[in-house]
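Open the model in your viewer and keep the selection panel at hand. Each stop below says what to select and what is there.

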Amino acid sequence: MNKQQLANKIWESANKMRSKIEANEYKDYILGFIFYKYLSDQEERFLKKEEFSEEEIKTLSEDDVDTMEYIRTNMGYFIAYQDLFSTWIRMGADFSVDNVRTALSAFSRLINPSHKRVFDGIFNTLETGLSKLGDSSGTQTKAISNLIHLIKDIPMDGKQDYDVLGFIYEYLISMYAANAGKKAGEFYTPHEVSVLMSEIVAYHLKDRTEIKIYDPTSGSGSLLINIGHATAKHMPDADKIKYYAQELKQNTYNLTRMNLVMRGILPDNIVTRNGDTLEEDWPYFDENDPVGTYHPLYVDAVVSNPPYSQNWDPTGKDTDPRYARFGLAPKSKADYAFLLHDLYHLKPDGIMTIVLPHGVLFRGGEEGEIRKNLVENNHIDAIIGLPANIFFGTGIPTIIMVLRQKRENTDVLIIDASKDFEKVGKNNHLRACDIRKIVDTYIQRGNQPKYSRKISREEIRENEYNLNIPRYVDSSEAPENWDIYASMYGGIPVNELEALSEYWKAFPNLKNEILEPKNGPYMQLKVSDLKSAIRESIDVSNFKAHFTKEFETLQTLLECDLIGNAEHVEIPKEEDRISEDIFRRLENIPLVDKYEAYQILDEEWKHIAVDLEMIQTEGIGAVTQVDPNMVLKKKNGKEEEVQEGWKGHILPFDLVQKICLKEESAQLQKKSERLSEIASEYEEILDSFSEDDKQAANDALNDSNDAFVIKNISVVMKTLKSDSSEENRELIQQLAKVESLSREEKQLKAAIKTDAETLHIMTKETIEGLSEDAVQVLLKEKWITPMISAFTKLPEIQVDKLTSALQALADKYADTLADLEQEIRTTEASLTKMLDELVGDDYDMEGIRELRVLLGGDVNE
């Protein structure tokens, strides 16, 4: 299974296994065991690389001091054979919770001194939590055994960016965050927010060969890792990135270290600290050697998502160099304290991004003074308004503020991205196209109506340093206006047609083809079929032809780069390269939104990248591989994994059947369709039966049930034939049809089952025997054809938007007030006439006369 399927399986199983343990707490245990497996597997891989035999590995113990020191020096730690994760798995029923306690204790004792800051205390949370996994040694052993068997199949080899481990670790953290409520903010920044911040930072740092990055509220470390991943794409050597992380809570601090280590980051590039960021600034020295290690921390980038508006103690901090220049944040809201801490640790040419609640833009008092000082000292580079409800555990509106120590420009870029998102479950999510649009806007610093605007320092001063986004960018929808004249007399106001000016510019002749003057500044449709008239327009045809011409070579390019070079293409960089190519093709094409195109690319790329990772890790032979299709089934009250057929390792069976086994698939489909038709014919016949017919049939069977059931039809028919009435003859004919259909249905079901099993095996054998040319054809159908098909629909989407907008305008003023008035009068007259036909007692007639008066009729009539 691919990494997404494996991650899903582990999450679903772990969720069932945790029983009554809180999800937020259980995450520390499963992630701890995953990390132990990683370290254990890394040691085994090192030993095999050093040509240790299996027998020599089995003798590894603390007693062999020379070997232990050799491993400890190279790995930073030592794990004896009896404590290896793989040994636990091999122990079977002999495994016990005591094996884990012994192993974790030994690990802590045998850390190499040079790696103490990375590994010291890293398993403390797991060690103290073992007792919570059961109320006895036996139940604890069972819970741990289930857990380690669940994660034993996670591959721990991250070569060629096949980062299955990192993906699963990040996936589990995100899923636990989604279920942790308000506690989620303690350890997780949503992935898409991390990516957004990462791309902004990476652009600023792209020309540097060595980088230091720092997260003072690191949580799980995911934000820091995403920054490193984004910047590494622009660097020749990713090992030149140094990671600094600080986290208050120890269990979360351990997550940070685990996450960084498992991403293959060199231990020398990991500098972490478990401490209170606001109370104790990053130490300038090692406590053991304060003179020799004095070194202030100034970095190229700081990223953070600190806790929102928490209490802090500003007492005595007015001389703290982090705050002295700008002021102290109020004790009930530490937001600006975190911001100023981040800013202090920036190099002069550095950049920082920080997530904050929206209130920091306009709250007064001490915060207003700090905001003023930041503006006057030219530190605020951009403010990005995010959608509400984008973070787990809180629905408050948030922003990303981008700051720099030194800037040439003095304006502030305001981006209101609060309206661009998709709703997923209870939360809003930024799509790939939303992120790309924000990043492009930040880089280009462009003004876009209802989206972004550069604000001068003078304007900010005029607004008394209030940076509330709606003051500068109004992203609200314009209210709908109704033209009084058009409402009375009909026609489409010219000024409302001007709202479609981008379409008239793209289609210069179309307006005159479908509209004509009505009266003064009003027009009306002159075509009866608007949709057809627009589609048949020469301008629209030329627009589509232009798009087709620009994109005609894209398929060949993708085939060459992705299929022809599948084993070597640089996966992290390739999506960026393709997107730039698509943007270039769209430069001279009006109307089509390049970010819609980018979203198509990104959605398809998610699947392509997974396949490319497998091909680059396992070789092109992975395409012709099939795997057992394992499913969970209940057996004796327990869920067990059993094989149910086969599935393609990369190629889906249905795709192979569609391309390589068309005839066999068509025959099976034809039989399935006939089976559906039979069900419809059954219904038709049953609906034609009267209740008496059903009763007659039931009586013939001596059936006491009210419902007519088709069974023992031959017995029914034989009984009914003894009565030669006309009604029975018709019933017998209908039942004969049912009997025939029943036989056909039975034969079809048997044939479909046999054919489906045969087709399944044929598909397996076809995949395993694919030629190189056939592999390329199928990869093209899986990767490229869906993408090209989606791209070609983009012009049609714009034409449909124009058609809908014009039709809405025409419908808006189609019924004038005069028409409505006439319709009311006609209805009243009709109702009055109906009243004339009513009769009743004196009181009824008095009521009817009054109703006629209200309807405008003559009371004397």
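Predicted model: local features only at pLDDT ≥ 70, side-chain atom pairs only at ≥ 80, totals over all residues.

Residues are numbered from 1 along each chain as its sequence is written, and side-chain values use heavy atoms, with hydrogens and water left out.

**Stop 1: strand E8**

Select residues 412-416, which make up strand E8. Helices (H or I, at least four residues) and strands (E, at least two) are DSSP runs, numbered from the N terminus. In E8, 5 of the 5 residues are buried; buried means under 20% relative accessible area, exposed over 50%, and partly exposed in between (1.4 Å probe, protein chains only). In a regular strand the side chains alternate between the two faces of the sheet. Here Val412, Ile414 and Asp416 lie on one side, Leu413 and Ile415 on the other, and both faces are covered.

Two strands count as paired if DSSP finds at least two bridges between them. E6 pairs with E8 in the parallel sense over 4 bridges, and Ile383 stands opposite Ile414. Strand E11 (residues 452-455) pairs with E8 in the antiparallel sense, also over 4 bridges; there Ile414 stands opposite Arg453.

**Stop 2: salt bridges**

Side chains of opposite charge can pair when their charged atoms come close. A salt bridge here is a side-chain nitrogen of Lys or Arg within 4 Å of a carboxyl oxygen of Asp or Glu, and the whole structure has 52 of them.

Select Asp300 and Lys347: their closest N and O atoms are 3.4 Å apart. Asp300 counts as buried at 3% relative accessibility, whereas Lys347, at 25%, counts as partly exposed.

Go next to Asp381 and Arg404, a salt bridge with closest N and O atoms 3.9 Å apart. Asp381 is in strand E6 (residues 380-385) and Arg404 in strand E7 (residues 398-404), 23 residues apart. Both residues are buried.

Then select Asp581 and Arg585, where the closest N and O atoms of the salt bridge are 2.6 Å apart. The two residues are separated by about one helical turn because they are 4 residues apart in helix H25 (residues 571-586). Asp581 and Arg585 are both buried. Elsewhere, salt bridges that share partners join Asp381, Arg404, Arg407, Asp411 and Arg445 into one network.

**Stop 3: an open sheet**

Which strands form the open sheet, and in what order? Its 3 strands run in the order E12-E14-E13, with antiparallel pairing. Strands E12 (492-493) and E13 (515-517) are at the edges with a single partner strand each, so one side of each has no neighbour in the sheet. Between E12 and strand E14 (residues 522-525) there are 2 bridges; Pro493 has Tyr522 as its bridge partner.

**Stop 4**

Select Lys331, in the loop between E4 and helix H14 (335-344). Lys331 is exposed, with a relative accessible area of 62%. Then select Glu823 in helix H34 (residues 817-836). The C-alpha atoms of Lys331 and Glu823 are 67 Å apart, and the two residues are 492 apart in sequence.
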